Amino acid sequence: MDIPGASISVIDDGRIVWARGFGIADKTTQRKVTASTLFTANSITKTLTSLAVVKLLAEKGIALDEPVNRYLTNWKIPDNSFTKRVPVTFRMLLNHTAALTSPYPTGCCGPRETLPTMQQFLEGKPPATNLPVQVTNVPGESYAYCNGCYSVLQPALEAIGDNSFKLLMKELVLAPSNMGVSTFDDTFFLEDTSTIAIPYDSDGTVHQHAPMRNPILSTGLLWTTAIDLARFNLAFASALRGENDLINQKQAEALIIPSSTPTRSLGFFIGDKDAQENAKGEYLFHSGSNIGYLSLSIISKDGKKGAVFLINKGPNPFTTTDVPEYAFITDSLKLINKYYRWD
């Protein structure tokens with residue numbers, strides 16, 4: 001399996017008991033991973049995006065079941081026979097039932113490539129290489145994991161919050177969670193990669209498009225550490241108890257209620273201590289993959305137990321965690337379960 005490096009944090013008894021880096025961040029220089037080395041959070045980013053959406057909509061008095069097109073400005077979800085029957089709502093985007101195609105193009109975009117704008121991706125226009133984003137089924141009818149859904153949430157947030165996604169996420173999520181080193185900046189590593197874990201493909205080589213850049217940040221391009229994601233998990237668990245300002249208790253509870261499936265809420269998967277989906281489970285989790293990265297974040301609903309895993313080896317294409325490298329994460333989680341006697 002040959003995992004180059006990993007960043008791992010553990011929560012026990014409601015506090016971060018340790019956070020460490022393991023292995024190599026850069027094979028060329030033999031630079032080691034430390035607790036402060038940055039990785040991409042991959043689809044764990046969606047959990048933070050969902051919290052920001054629920055929080056901002058509540059502040060603006062906008063219901064989750066309102067049509068999204070009422071608030072999109074420069075681009076709107078194209079009307080077709082499906083949307084004429086049922087318009088796409090914020091809730092559908094959050095719970096992956098909006099039936100939107102993904103704007104992720106194949107092989108884009110490397111650090112030195114021309115970066116398309118968000119609107120070019122959504123419209124499928126050059127230099128973007130993807131087809132236009134559109135609805136392919138009746139919205140709200142069925143669950144299908146949907147990167148396109150979370151892509152649309154980014155311009156919606158910007159239009160409603162009247163600011164950039166980066167600044168809104170810092171204000172709504174990163175700062176109140178005390179995620180001091182986490183960022184949505186996609187330029188800091190262009191000249192100096194010394195703070196990041198270099199991403200490696202499954203064959204152990206650096207991908208030609210890595211670290212990947214994309215104007216669509218909301219689906220998976222948060223740069224972070226395992227300890228910062230653990231801080232987010234603790235802040236969220238505290239909000240569920242009504243004990244902090246990240247998000248109010250009612251809104252936090254809305255984020256974990258089963259929505260599109262018995263194990264899929266607006267912001268999390270619901271499962272057991274091994275991060276396996278289970279409708280009766282007492283844990284909230286999200287996994288993720290990117291070119292050269294894999295990740296998992298898990299927290300018990302009471303906030304007492306949890307862990308975060310970030311590694312710098314992953315699949316290409318990056319659409320799944322069903323790869324041998326992910327076994328390193330799940331096996332590590334089982335060892336933590338055993339050591340801390342999570343029941």
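1. Basis of the note. In this predicted model, local features need pLDDT of at least 70 and side-chain atom pairs count only at pLDDT 80 or more, while totals for chains, interfaces and linings use all residues. Residues are numbered from 1 along each chain as its sequence is written, and side-chain values use heavy atoms, with hydrogens and water left out.

2. An open sheet is built from 7 strands in the order 3-2-1-9-8-7-6, with antiparallel pairing. The edges are strand 3 (31-32) and strand 6 (269-271); each has a single partner strand, so one side of each is left without a neighbour in the sheet. Helices (H or I, at least four residues) and strands (E, at least two) are DSSP runs numbered from the N terminus, and two strands pair if DSSP finds at least two bridges between them.

3. Strands 1 and 9. Strand 1 (residues 5-12) and strand 9 (residues 305-311) run antiparallel and are joined by 7 bridges. In strand 9, Phe-309 is the bridge partner of Ile-8, and Ile-311 is that of Ala-6. Strand 9 is mostly covered, with 6 of its 7 residues buried; buried means under 20% relative accessible area, exposed over 50%, and partly exposed in between (1.4 Å probe, protein chains only).

4. Strand 8 and its two neighbours. Strand 8 pairs with strand 9 in the antiparallel sense over 6 bridges, and with strand 7 in the antiparallel sense over 8 bridges. Towards strand 9, Leu-296 has Phe-309 as its bridge partner and Ser-295 stands opposite Leu-310.

5. Glycines in the hairpins. The hairpin of strand 7 and strand 8 has 2 residues between the strands, and there Gly-292 takes a positive phi near 85 degrees. In the hairpin of strand 8 and strand 9, with 4 residues between the strands, Gly-303 takes a positive phi near 80 degrees.

6. Helix 6 against helix 1. The axes of helix 1 (residues 45-60) and helix 6 (residues 165-174) come within 10 Å and cross at roughly 85 degrees. That makes helix 1 roughly perpendicular to helix 6. Axes are lines fitted to C-alpha atoms, for helices over the stretch in contact, and angles run from 0 to 180 degrees between N-to-C directions; angles under 35 degrees count as roughly parallel, over 145 as roughly antiparallel, 65 to 115 as roughly perpendicular and the rest as oblique. The contact (heavy atoms within 4.5 Å) includes Leu-48, Leu-51 and Leu-56 from helix 1, and Phe-165 and Met-169 from helix 6. Its residues divide into 9 nonpolar, 1 polar and 2 charged. Here Ala, Val, Leu, Ile, Met, Phe, Trp, Tyr, Cys and Pro count as nonpolar, Asp, Glu, Lys and Arg as charged, and the others, Gly among them, as polar.

7. Helix 6 against helix 5. The axes of helix 5 (residues 147-161) and helix 6 come within 9 Å, crossing at roughly 75 degrees. Helix 5 is therefore roughly perpendicular to helix 6. Gln-154, Leu-157, Glu-158 and Gly-161 of helix 5 make the contact with Phe-165, Leu-168 and Met-169 of helix 6. These residues divide into 4 nonpolar, 2 polar and 1 charged.

8. Ser-7. This residue lies in strand 1 and, at 2% relative accessibility, counts as buried. The side chain of Ser-7 reaches the backbone nitrogen of Ala-226 at 3.5 Å; a polar contact is a pair of N or O atoms within 3.5 Å, where within protein one must be able to donate a hydrogen and the other to accept it, and residues adjacent in sequence count only if both atoms are side-chain atoms. Leaving aside neighbours within four places in sequence, the contacts of Ser-7 include Arg-20, Val-33, Phe-39 and Phe-309.

9. Ser-218. Ser-218 is found in the loop between helix 6 and strand 5 (223-224) and counts as buried at 0% relative accessibility. A polar atom of its side chain lies 2.6 Å from the backbone oxygen of Tyr-150. Ser-218 and Leu-48 are 170 residues apart in sequence and 8.5 Å apart in space, C-alpha to C-alpha.

10. Ser-332. Ser-332 lies in helix 9 (residues 326-340) and counts as buried at 13% relative accessibility.
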